[in-house]
Amino acid sequence: MQQLKKDGRTMQQYLNGLKSLSDQLCAIDEPVRYRDYLWYLMEGLPAEYDAVVTAIYSRTDQPKLEEPLHILDLHLSLALKADLTGNLTVPFPL
């Protein structure tokens with residue numbers, strides 16, 4: 001799982017790949033702990049997600065997995081909107 005990176009994949013392809021690896025490990029009775037899964041997810045993202053990763057890592061509570069995924073989805077949506085309009089300014093790098 002450490003070697004899986006988003007690279008040129010879409011976010012959905014990246015998340016599906018991560019889930020597939022997690023499912024395979026679970027099938028051989030080696031389930032991935034939540035914190036480890038979240039770490040692999042964040043570490044596989046490219047530099048343009050650094051602000052998002054920092055925000056998620058800075059939380060003092062343990063967010064449900066859906067929350068970081070929602071934040072990543074929002075980041076991606078804003079990036080796509082900025083690419084289409086050229087007018088959107090967001091507080092983190094795209």
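These are my notebook entries on what I looked up in this predicted model.

**Ground rules.** I number residues from 1 along each chain as its sequence is written, and I use heavy atoms for side-chain values, leaving out hydrogens and water. As the model is predicted, local features need pLDDT of at least 70 and side-chain atom pairs count only at pLDDT 80 or more, while totals for chains, interfaces and linings use all residues.

**Entry: salt bridges.** I searched the whole structure for salt bridges, taking one to be a side-chain nitrogen of Lys or Arg within 4 Å of a carboxyl oxygen of Asp or Glu. The search gave two. I noted the background: side chains of opposite charge can pair when their charged atoms come close.

One joins Asp23 and Lys19, with N to O at 2.9 Å. Both residues belong to helix α1, residues 11-27, and they sit four residues apart, about one turn of the helix. I take helices (H or I, at least four residues) and strands (E, at least two) as DSSP runs, numbered from the N terminus. I then looked up accessibility, where buried means under 20% relative accessible area, exposed means over 50%, and partly exposed is in between (1.4 Å probe, protein chains only). Asp23 has 41%, so I list Asp23 as partly exposed. Lys19 has 45% and is partly exposed.

The salt bridge of Arg33 and Asp36 has an N to O distance of 3.3 Å. Arg33 is exposed at 56%, whereas Asp36 is partly exposed at 28%.

**Entry: Met11.** I looked up Met11 in helix α1. Is Met11 buried or exposed? With a relative accessible area of 7%, Met11 is buried. I also checked Met11 against Leu72: 61 residues separate them in sequence, and their C-alpha atoms are 8.5 Å apart in space.

**Entry: aromatic rings.** A pair of aromatic rings is described by the distance of the centres and the angle of the planes. I counted rings of Phe, Tyr and Trp (its six-membered ring) as a pair if their centres lie within 6.5 Å; planes under 30 degrees apart are stacked, over 60 edge-to-face, and the rest tilted. The whole structure holds one such pair. In that pair, Trp39 and Tyr40 have ring centres 5.4 Å apart and planes at 75 degrees, so I recorded it as edge-to-face. Trp39 is partly exposed, at 38%.

**Entry: helix packing.** How do helix α2 and helix α3 pack, and at what angle? Helix α2 (residues 34-43) packs with helix α3 (residues 50-57) at about 160 degrees, their axes 10 Å apart. Axes here are lines fitted to C-alpha atoms, for helices over the stretch in contact, and angles run from 0 to 180 degrees between N-to-C directions. The two helices are therefore roughly antiparallel (over 145 degrees; under 35 is roughly parallel, 65 to 115 roughly perpendicular, the rest oblique). I listed the residues in contact (heavy atoms within 4.5 Å): Leu38, Trp39, Met42 and Glu43 of α2, and Val53, Ile56 and Tyr57 of α3.

**Entry: positive phi.** I looked for residues other than glycine with a positive phi and noted Asp7, near 40 degrees, and Asp29, near 65 degrees. Asp7 lies in the segment before α1, and Asp29 is in the loop between α1 and α2. Asp7 is exposed at 60%. Asp29 is exposed at 66%.
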